[in-house]
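Have the chain in view as you read.

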Amino acid sequence: MPNVKIFVDETRFRAVQEDLASILPDLRTQLCEALSVDLAATQFAVIPVVGLPDQPAINVEMHVLPRPERTREAVLAVAKKTRDSVHKATGQHVAVRIATLDAETYVALK
């Protein structure tokens, strides 16, 4: 964890694809440091989508497992830093949503 999906409005995908791809390694490092996880624990996907014109052009959705140190304030700080990094790289309006998974029912096979 974290699993990160970055949804990009398809009308802007080509314009931001290269810049977005270039920040993925740093973004992964940033998230791993903030959430205290190994690089190998992360999974990223950048996905073009059809959206509505009044929505943010980029929507970052992240799932994390709960830990005592991952308080609402700590997760909010991760969201803000992620939003700032993606916005700085792309110049687009960015939304970030982070959900905590149920550790009792979550399954991952790698």
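A crossing is called left-handed if the near helix is turned anticlockwise from the far one by less than a right angle, and right-handed if clockwise. Please keep in mind that this is a predicted model, in which local features need pLDDT of at least 70 and side-chain atom pairs count only at pLDDT 80 or more, while totals for chains, interfaces and linings use all residues. Residues are numbered from 1 along each chain as its sequence is written, and side-chain values use heavy atoms, with hydrogens and water left out.

**The sheet**

Helices (H or I, at least four residues) and strands (E, at least two) are DSSP runs, numbered from the N terminus. Two strands count as paired if DSSP finds at least two bridges between them. Here, 4 strands make an open sheet of mixed pairing, in the order 2-1-3-4. Strand 2 and strand 4 (94-100) are the edges, each pairing on one side only. On average, neighbouring strands of this sheet are turned by 15 degrees against each other, direction ignored.

| Strand pair | Sense | Bridges |
|---|---|---|
| Strand 1 (residues 3-9) and strand 2 (residues 43-49) | parallel | 7 bridges |
| Strand 1 and strand 3 (residues 58-64) | antiparallel | 6 bridges |
| Strand 3 and strand 4 | parallel | 7 bridges |

To find these pairings on screen, look for aspartate 9, whose bridge partner in strand 2 is valine 49. Lysine 5 has glutamate 61 of strand 3 as its bridge partner, and isoleucine 58 stands opposite valine 94 in strand 4.

**The two helices**

Axes are lines fitted to C-alpha atoms, for helices over the stretch in contact, and angles run from 0 to 180 degrees between N-to-C directions. Helix 1 (residues 10-35) packs against helix 2 (residues 72-90) at an angle of about 160 degrees, their axes being 9 Å apart. That makes helix 1 roughly antiparallel to helix 2 (angles over 145 degrees count as such). The crossing of helix 1 past helix 2 is right-handed. Contact means heavy atoms within 4.5 Å; among the residues that make it are Val16, Leu20 and Ile23 of helix 1 and Val78, Thr82 and Val86 of helix 2.

Helix 2, in turn, lies across strand 3 and strand 4 and runs at about 150 degrees to strand 4.

Notes. Parallel < 35°, antiparallel > 145°, perpendicular 65-115°, else oblique.
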